[in-house]
Amino acid sequence: MQPQYTTPRPVRHGVGEETLRNIHALHRQATSPFTVADAAAILSLDPGRTRQLLAYLAKRGWLARVRRGLYANVPIDADDARTWQEDPWAIAARAFAPCYIGGWSACEHWGLTDQIFREIVVVSGRQIRQRHQDIQGIGYRVKVRPIEKLFGTRTVWRGRVQVAVSDPARTIVDVLDDPALVGGMRHGAEVVNAYFTEGHRDDVRLLEYAERLGNRSVFKRLGYLIEALQLDAPDLAGECLRHQSTGLSALDPTSPARGRILRRWNLRVNVVVP
């Protein structure tokens, strides 16, 4: 069962002058979402008193309780405090840090897909037990990697929050490493084709990232797709041949292990790509 962090919020109620000053201080200084420790430092209060205050403000509609210990400022001019939501990427940046937005979410950001996905894909360096979570009514799918593998990102601003998102080349390498991050290799092939044909192509960076990630199956899948999709990248395909491992891999590890074996790429072609 997925953990639920959606907390109904009442219509905003009036507060006293001191509490109102605290609200304004949080709006001025807190990068939303923020923790109890963040608020305690801003308000110069002890953690216990701060926790009580934040719970009180959330109950009265002045803050949104994103999840346990994590809050967001509800804009003063919000039409309805009960239904207001923080930006999902900003939530991910704090809830799963250190992390970056990846998979199909990064594909949407870079224009590599026209499909719309309901979940936000997050690649995190933390050991997250629940890989599918619902926060404020938004689904998050979490992929866990070692911290040293969180490379190849760019920073984007979401309001006042800096969020890391995999750059186009890293997005492709992640897709080739784990096609489930875009719903399988059938869609992954479309993403790869868009990368090569719509202005994102960077062969050097692609090879560098694949080498750093350390999964030789990435080279097999990339080389195969270059040939299957008839992409104009013979030198890159040659590098993929040179870097591939000798063991047999599946084109799509999320699909049944059946289909022809292509010895040139040591690859079981178990899905049909466009």
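**Figure 1. Helix α5 is mostly covered in this predicted model.** Six of the eight residues of helix α5, which spans residues 103–110, are buried. The buried positions are Gly103, Trp104, Ser105, Ala106, Cys107 and Trp110. Just after α5, Gly111 adopts a positive phi of about 75 degrees. The model shown here and in the following views is a predicted one.

**Figure 2. The protein as a whole, given as context for the close-up views.** Ten helices and twelve strands make up the secondary structure of the protein. Taken along the principal axes, the box filled by the C-alpha atoms is roughly 75 × 35 × 30 Å. The protein has 274 residues, of which 51% count as buried. Of the contacts between residues at least 6 apart in sequence, 62% join residues that are at least 24 apart. The side chains include 38 positive and 29 negative ones, and the centres of these two sets lie 7 Å apart.

**Figure 3. Asn22 is a buried residue of helix α1.** Helix α1 covers residues 17–29 and contains Asn22. Asn22 counts as buried because its relative accessibility is 15%, below the 20% limit for that class. When neighbours within four places in sequence are left aside, Asn22 is in contact with Leu43 and Leu53.

**Figure 4. Strands β1, β3 and β2 form an open antiparallel sheet.** The order of the three strands is β1-β3-β2. The edge strands are β1 (34–35) and β2 (63–67), each of which pairs on one side only. Helix α3, residues 47–59, packs on this sheet and touches β1, β2 and β3. The direction of helix α3 makes about 110 degrees with that of β2. Within the sheet, β1 pairs with β3 (residues 70–73) in the antiparallel sense over two bridges. Phe34 stands opposite Tyr71 of β3. In general, the strands of a sheet pair through backbone hydrogen bonds, in either a parallel or an antiparallel manner.

**Figure 5. Strands β6 and β7 form a hairpin with two residues between the strands.** The two strands, β6 (residues 132–135) and β7 (residues 138–144), run antiparallel and are joined by four bridges. His132 stands opposite Arg141, which belongs to β7. In this hairpin, Gln136 takes a positive phi near 55 degrees.

**Figure 6. Val204 is an exposed residue of helix α8.** Helix α8 extends over residues 203–213, and Val204 has its place there. Val204 counts as exposed because its relative accessibility is 65%, over the 50% limit for that class. The C-alpha atom of Val204 is separated by 9.5 Å from that of Ala169, although the two residues are 35 residues apart along the chain.

**Figure 7. Strands β10, β12 and β11 form an open sheet with mixed pairing.** The three strands are arranged in the order β10-β12-β11. Strands β10 (249–250) and β11 (260–262) stand at the edges, and each has a single partner strand, so one side of each is left without a neighbour in the sheet. Helix α9 (residues 217–228) packs on the sheet and touches β10, β11 and β12. The direction of helix α9 makes about 50 degrees with that of β12. Strand β11 runs antiparallel to β12 (residues 267–269), to which three bridges join it. The bridge partner of Leu262 is Leu267 in β12.

**Figure 8. Pro253 is a partly exposed loop residue.** The loop that holds Pro253 lies between β10 and β11. Pro253 counts as partly exposed because its relative accessibility is 45%, a value between the 20% and 50% limits. Pro253 touches Pro179 and Arg221, residues up to four places away in sequence not being counted. The C-alpha atoms of Pro253 and Met185 are separated by 8.8 Å, and these residues are 68 residues apart along the chain.

Key
Residues are numbered from 1 along each chain as its sequence is written. This is a predicted model: local features need pLDDT of at least 70, side-chain atom pairs count only at pLDDT 80 or more; totals for chains, interfaces and linings use all residues. Side-chain values use heavy atoms; hydrogens and water are left out. Buried means under 20% relative accessible area, exposed over 50%, partly exposed in between (1.4 Å probe, protein chains only). Contact means heavy atoms within 4.5 Å. Lys and Arg count as positive and Asp and Glu as negative; His and the chain ends are not counted. The place of a charge is taken as NZ of Lys, CZ of Arg, CG of Asp or CD of Glu. Two strands pair if DSSP finds at least two bridges between them. Axes are lines fitted to C-alpha atoms, for helices over the stretch in contact, and angles run from 0 to 180 degrees between N-to-C directions.
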